[in-house]
Structures are given as structure tokens and as C-alpha cells.
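Hello,

Here is the structure I promised you. Please open it first, then read my notes below.

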Amino acid sequence: MRLEQDLAKLAEQEQRLQFDRFGPADAWSLGCALRSLAESRGQAVTIEIRLARELVFFHAMPGTAPSNADWARRKRNTCELLGRSSYRVGRELEHGGGTLESKMGLATRDYASHGGAFPIAVRGMGVVGTVTVSGLPQRDDHALIVEVLAPLAGVVLSEVALSD
């Protein structure tokens, strides 16, 4: 039951957490907000934001490792290719059985269906970028992004947050 609830909520997040516009200054604000929230909780994460497939924000907090940047790259690749959050992709694969490799022939060296990458979408334009976090358990990576995106998108967090 939780899997089906997650899938519905993940689709709702992607539909509701959209913007009227989103540019480099917005990416900077988003990245700084993610860093600040993680820091306030004593969490160490790597944060990557890309617009039009160009890196516009990157920060690896003390306590992260080079592997976090690689995980971010792999999760982001999945999000950019499929236009959905990497956590949603992973939950869909769990629901249907299979992997990115078995379903689409995507190498695990370059793609990951673990939570932590989320599409940045602009109403009327579609996906214009990605925000990725790596360093926490995958559900927590995803939740951190949603927690920061919701108020920026004018959405009440409790309406779109995954249940515990």
C-alpha cells in the first residue's frame, strides 16, 4: 500500500512543484537554501543544480565524499533522461519489477534510480533543469529537495510531503 501511495504522491509533487520562471538566480537561491537546511540539521550533502544541462550550482559540504558527486551525476542523468524524479523512477521500477538496465538498457555506472534528483519545471515550458542531493538515505535526499522546493513554488509542504 505504501508503494502505491508514494507513487501517487511523487507524481503530485512533480505536477505541483513547478515555477512560473526559473533562472540562474533562482538556482543559486535554491542551492543556498538546501545547503542551509542540511547544515542546520548537521547533515552533509552534495548539491548539484543544472539548467539546460549546464551546471549552475555545485556544493560539496564537509563530510561528503567524491562518491556523493558521482551518485549525484548518476541520479541526475536518470532525471534528465526521463523527466521524472529519480526516486519516482526507482519506486516505479520497484512496483513493476526490473531495473533501469533490464528495462531500458541503461548502465548502472551512469544511471541510478535512487532518490535525490528532482526535475525543475516551468509552467508552459516543461522541465528546464534538475536539482540533485546526495549524502543521505535516498528517501531523505528526495525529501530534503521537496522541503525546500515547496515554499519556493508556493505549495504547502504538508500537502505534498511523503508520509513517514
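R50 counts as buried, because its relative accessibility is 13% (buried is under 20% relative accessible area, exposed over 50%, partly exposed in between, with a 1.4 Å probe and protein chains only). This is a predicted model: local features need pLDDT of at least 70, side-chain atom pairs count only at pLDDT 80 or more, and totals for chains, interfaces and linings use all residues. Residues are numbered from 1 along each chain as its sequence is written, and side-chain values use heavy atoms, without hydrogens and water.

Where does R50 lie? R50 is in strand 2, residues 46-51. Strands are DSSP runs of E, at least two residues; helices are runs of H or I, at least four; both are numbered from the N terminus.

The side chain of R50 makes a polar contact of 2.8 Å with the side chain of E80. Such a contact is a pair of N or O atoms within 3.5 Å; within protein, one must be able to donate a hydrogen and the other to accept it, and residues adjacent in sequence count only if both atoms are side-chain atoms. Leaving out residues up to four places away in sequence, R50 also touches others, including L55, V56, R76 and I120 (contact means heavy atoms within 4.5 Å).

Now the whole protein. It has seven helices and five strands. Their order along the sequence is α-β-α-β-β-α-α-α-β-β-α-α. Buried residues make up 46% of the 164. Of the contacts with a separation of 6 or more, 68% join residues 24 or more positions apart. The C-alpha trace spans about 40 × 35 × 30 Å along its principal axes.

Best wishes
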